[in-house]
Amino acid sequence: MSRLQFERVDGVPVARPSEDIDAANALVLRDELATSLQGADTLVLDLGATRYVDSAGIDMLFRLAQIVALPSAVAIHETVEQALGAVSPRCGA
Amino acid sequence: MDNDGGTAEDLGHPGTAERTLDYVSLEQMLSDLLERIRSSLQADTAAVLLLDADRGVLVARAARGLEEEVRQGVQVPLARGFAGRVASQARPIVIEDLSRAEVVNPILRQRGIRSMLGVPVQVDGRVIAVMHVGTLQRREFGEEDISAMQRAADRAAAAIDSAQLSEQRAVTEIMQRTLLPYALPEVPGVRFSAKYLPAGSGVKIGGDWYDVLPLDNGRLALVIGDVVGRGVLAAAVMSEIRTALRAYLAEGHELSRVMALLNDLLVSMGRGRSATAAIFDYDLERGELEAVYAGHLPALLLTAGGEARFLEQFQGLPLGIGIGQEYIPQHYPFPVGSSLLLYTDGLVERRGESIEDGLERLRTAAESPAREDDASLADHVYRGLLDESTLEDDVALLAIESLPLQRTMQLTLKADTSELAWLRRTLGRWLAGQGIQEEDLFGMTLAASEAAGNAIEHAYGPHEATFTVLCERDDEEVRVIVRDEGSWRESHPYGRGRGIGIMRALVDSAEVERGERGTTVTLRKQLPGDAR
């Protein structure tokens, strides 16, 4: 089961998925994330509470970018603040 | 009006009552009885309405010439309408002209019934039903008709009562099975035992319950509760609460939220009954408990050293009293070797004794080390406190013992991805017990989860397939062996293609053996020097 928490910080969608992202919830989570974007071209995924991501979860995260046609690929930051800092001025990641 | 043919005397022939004991169906018995009455009183319709005392209504149960009354489930409130007055006044009532009388049931008018005679059906002075006949032509029911009808009702009363009771008993037996506690789950490193003893003879159900169900991420919910009152009604409300609680827990809410939702639900259901409950979230990996209480007695914790103490609690109000209550969670350490006792007040309360004395008796019984061979903890505690002959109230008791995992652990899992999170947590606990530390533990856990993911995909058919995970160690290494009986798939359209690469990157070695009878994946990790 997926437990997605979602908010917008300065208009940028920030999603905090459940503790585990695995074959059991990857597809549900992908659909929830895609829906939560609502036309935004950037999504910050806060994996601070996530402990396990299995191959199905990794696959989902990379495919999500294609499905919702995000302009750039996946970038990894240490904190949500850094991620938001990277996207807000649009200087790339 | 003339009642010739002496039929009035035959109406309630004793045979009617005796034969009915053999009837399986109350409907059939009533229907035969009504046919007799209708023909002997030369009426056009005959009907019987049974009293539902709990709801204060008469419910149409059998009819002749008025069959739709039963089909439509006509209900007449007590003291209202024709049948309602017969019941509340407990005497025969005659209506000569229906068009001038208050009638609740519209069918009587629709069918053009003109005159009616109704009599109460009583057992030991208690009204259990109303029987009535009707005629399409205006008719004056005479004393003789009334007394014949009343005699018929009197003679049928015992049969109706016993048929109703045996019907209730049959329903109760079926319900009873659904109301019994759910089976306790098999969880490595945890031993559950329980006692469930409804008070009183006969119906072995009550308002007490316990429950154990898996939560997300390998945690367990432990539940104890007690609906006020006894018997079938308390059990019915218990069943509603238990199911609602399971549903709220499955939705993944915080415990405090679950309890608040449950409280609001019980208030809004308007059952007029309150309940006490305690819910625990047992994190097996961290060895911690979180609890919320709604007016329930404190759980008893037994430490590894054998000391028993009641857990301090933030007590919330019992469920069902008022909407919008707050329930505050409390956390407790619960390391391996500890035990927890959840119970209802029937275990500790005795007439003429304070609750403090009862609690102290429980604490002493739990600390008593002399456990009989093979006795579960629940049995041990129970025997130290009560025997069934002294049972005054329902008792539910659930004991949870946290045990060290064995050196070798074998898990049999459903071939369903919902098992993966539970597998990772359980394996994590086992690895930690073998001295495997953080990064290695994480690597082996995730590798085994990948192998399990493959095993789940290999499972064929819609029926319930399983796979096994064997965890073993020697002085050098730990091995996790995942076996299924399906055929290996090299890659899968969704994600699995990365699985084997991930496995190899995370552990010392990952061997995949594909045989005709299934696939075996063996994962190895060297033990660190200090864990050998």
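This is a predicted model: local features need pLDDT of at least 70, side-chain atom pairs count only at pLDDT 80 or more; totals for chains, interfaces and linings use all residues.
Residues are numbered from 1 along each chain as its sequence is written, and chains are lettered from A in the order in which they are written. Local features need pLDDT of at least 70, side-chain atom pairs count only at pLDDT 80 or more, and totals for chains, interfaces and linings use all residues.

**View 1. Chain A as a whole.** Chain A has three helices and five strands. Helices (H or I, at least four residues) and strands (E, at least two) are DSSP runs, numbered from the N terminus. Along the sequence they follow the pattern β-β-β-α-β-β-α-α. Of the 93 residues of chain A, 28% count as buried. A residue is buried if 20 or more other C-beta atoms lie within 10 Å of its own, exposed if 12 or fewer, and partly exposed in between, with C-beta atoms placed from the backbone.

View 2. Strand E1 (residues 5-9) and strand E2 (residues 12-16) of chain A pair in the antiparallel sense over five bridges. Two strands pair if DSSP finds at least two bridges between them. Glu7(A) has Val14(A) in E2(A) as its bridge partner. Two residues lie between the strands of this hairpin. In the turn, Asp10(A) has a positive phi of about 50 degrees. E2(A) also runs parallel to strand E4 (residues 44-45) of chain A, joined by two bridges. There, Val14(A) stands opposite Val44(A).

**View 3. Where chain A meets chain B.** Here 15 residues of chain A are in contact with 18 residues of chain B. Two residues are in contact if their C-beta atoms, placed from the backbone, lie within 7 Å. On the side of chain A that touches chain B, helix H2 (residues 55-67) of chain A gives the most, with five residues. The residues of that side divide into eight nonpolar, one polar and six charged. Ala, Val, Leu, Ile, Met, Phe, Trp, Tyr, Cys and Pro count as nonpolar, Asp, Glu, Lys and Arg as charged, and the others, Gly among them, as polar.

**View 4. An open sheet in chain B.** Chain B comes to 14 helices and 22 strands. One open sheet has six strands in the order E3-E2-E1-E6-E5-E4, with antiparallel pairing. Strand E3 (75-77) and strand E4 (93-95) of chain B are the edge strands, and each pairs on one side only. From one strand to the next, the twist averages 25 degrees. Three bridges join E4(B) to strand E5 (residues 115-123) of chain B. Val94(B) has Leu117(B) in E5(B) as its bridge partner. Helix H5 (residues 81-89) of chain B packs on the sheet, and its direction makes about 35 degrees with that of E5(B). Axes are lines fitted to C-alpha atoms, for helices over the stretch in contact, and angles run from 0 to 180 degrees between N-to-C directions.

**View 5. One helix face in chain B.** Helix H11 (residues 377-385) of chain B has these buried residues: Leu377(B), Ala378(B), Val381(B), Tyr382(B) and Leu385(B). They fall within an arc of 125 degrees seen down the axis of H11(B), so they line one face of the helix. The arc is that of the directions from the helix axis to the C-beta atoms. These buried residues pack against strand E7 (190-197), strand E16 (339-343), helix H10 (355-367) and strand E17 (395-402) of chain B.
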